[in-house]
Amino acid sequence: MTYGVQQKTREPQTPKHSRVIQYLSLCCVMLCSTPAFAASWFDSWFAEQEPLQVSVDDAFINVYSGPGRGYPIFYVVEREEIITLLKSRTEWIKIKTKRGLVGWIKRDDMQFTLSLDGSKPDFPDSKQADYLVDRFEMGAAYGDFAGADSLSMNLGYRFTKNLSAELRYAENTGQFSDSQIVAAGILFQPFPDLRASPFFSVGGGKIKTFPSSTLVQTEDREDDLLQASLGAYIHITGRFFLRVEYTNHYIMTSRNTNEEVNEWKVGFNVFF
């Protein structure tokens, strides 16, 4: 049974021929061959990002009780005083002083601060700053699943700015069969600060296939599958992103042969 428009004769395959398995095996070999590098790499993925600390490089900066000019100024941080940047909200930044006072400063006042090493602080652009601290992600996408039309949805949770977990659901509609996919995966985003930020992910789940009623006595079936994906988030505005993705599905059927299906899709995602 095929998943696209045309039926093709498939040669018998074994797991060792799967590009998914080859890819995962190669990653494991590379990491195991350099255990020190692997430990450092995984530590950086799973570690929570430390709050940025800066020192005041001006006579003073006003601290407001809330993120807006309508809130009163209740404190002033003076030159060389160290403050911790907690989070961003549009044009305002929540801070904590060394005395433990918590308040808000205007984003424009960041120009009057220095990193602890004396350099200008590398703070995210206001249009992306909120997204970098949001935990949840939701999106929808349309694409091609080996010739079938694919409509999918995803819901994700971000553990750190680099590492997320996802639940995925997809409906694929083809000429000879329809299918549904329910899967979960882990997504790695090495450069989340970039406007076009690449990612890769691995996961697995179930695929249920419904052959066309015009086919003779063909039963519905349910199989396990593995997924390996490459893609990119492209920032549009605020918390909204265009997400483009290529996925290789390795379907472990109950028959003598397994199957591989390639999928391309594009969609929109929002972080909240």
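Select strand 8 (residues 136-145) and strand 15 (residues 259-271): the two pair in the antiparallel sense over nine bridges. Strands here are DSSP runs of E with at least two residues, helices are runs of H or I with at least four, and both are numbered from the N terminus. Two strands are said to pair if DSSP finds at least two bridges between them. The model is a predicted one, in which local features need pLDDT of at least 70 and side-chain atom pairs count only at pLDDT 80 or more, while totals for chains, interfaces and linings use all residues. Residues are numbered from 1 along each chain as its sequence is written, and side-chain values use heavy atoms, with hydrogens and water left out.

**Glu137**

Next, select Glu137, which lies in strand 8 and stands opposite Phe271 in strand 15. Is Glu137 buried or exposed? Its relative accessibility is 3%, so Glu137 counts as buried; buried means under 20% relative accessible area, exposed over 50%, and partly exposed in between, with a 1.4 Å probe and protein chains only.

Display the side chains of Arg243 and Asn269 as well. The side chain of Glu137 makes a polar contact with that of Arg243 at 3.1 Å and another with that of Asn269 at 2.6 Å. A polar contact is a pair of N or O atoms within 3.5 Å; within protein, one must be able to donate a hydrogen and the other to accept it, and residues adjacent in sequence count only if both atoms are side-chain atoms. With neighbours within four places in sequence left aside, the residues in contact with Glu137 include Asn154, Leu155, Gly156, Glu166 and Tyr233. Contact means heavy atoms within 4.5 Å.

- Strand 12 (residues 196-211) and strand 13 (residues 221-237) pair in the antiparallel sense over 14 bridges. Gly205 stands opposite Leu225 in strand 13, and Leu226 in strand 13 is the bridge partner of Gly204.
- Strands 13 and 14 run antiparallel and are joined by 13 bridges, with Thr237 opposite Phe240 in strand 14. The two strands form a hairpin with two residues between them, and Gly238 in the turn has a positive phi of about 55°.
- Strand 14 (residues 240-252) pairs with strand 15 in the antiparallel sense over twelve bridges. Phe241 stands opposite Asn269 in strand 15, and a hairpin of six residues joins strand 14 to strand 15.

**Asn262**

Remain on strand 15 and select Asn262, which lies in it. Asn262 is partly exposed, with a relative accessible area of 30%. Which side chains does Asn262 reach by polar contact? One is that of Tyr246, at 2.9 Å, and another is that of Asn248, at 2.8 Å.

**The nonpolar cores**

Move to the largest nonpolar core, which has twelve residues, among them Val54, Val56, Ile61, Tyr75, Ile105 and Met110. Such a core is a set of buried Ala, Val, Leu, Ile, Met, Phe, Trp, Tyr and Cys residues joined through side-chain atoms within 4.5 Å. Two or more residues each come from strand 1 (52-56), strand 2 (60-64), strand 3 (73-78), strand 4 (82-89) and strand 5 (92-97). A second, separate core of nine residues includes Ile181, Ile207, Leu225 and Ile251.

Within the largest core, centre the view on Ile61. Beyond its neighbours within four places in sequence, Ile61 is in contact with residues including Val56, Tyr75, Val77, Ile105 and Phe112.

**The whole protein**

The protein has three helices and 15 strands, and buried residues make up 39% of its 272 residues. Of the contacts with a separation of 6 or more, 54% are accounted for by residues 24 or more positions apart. The accessible surface comes to about 15200 Å², of which 59% belongs to carbon and sulfur atoms; accessible areas come from the Shrake-Rupley method with a 1.4 Å probe, and for residues only the protein chains shown count as cover.
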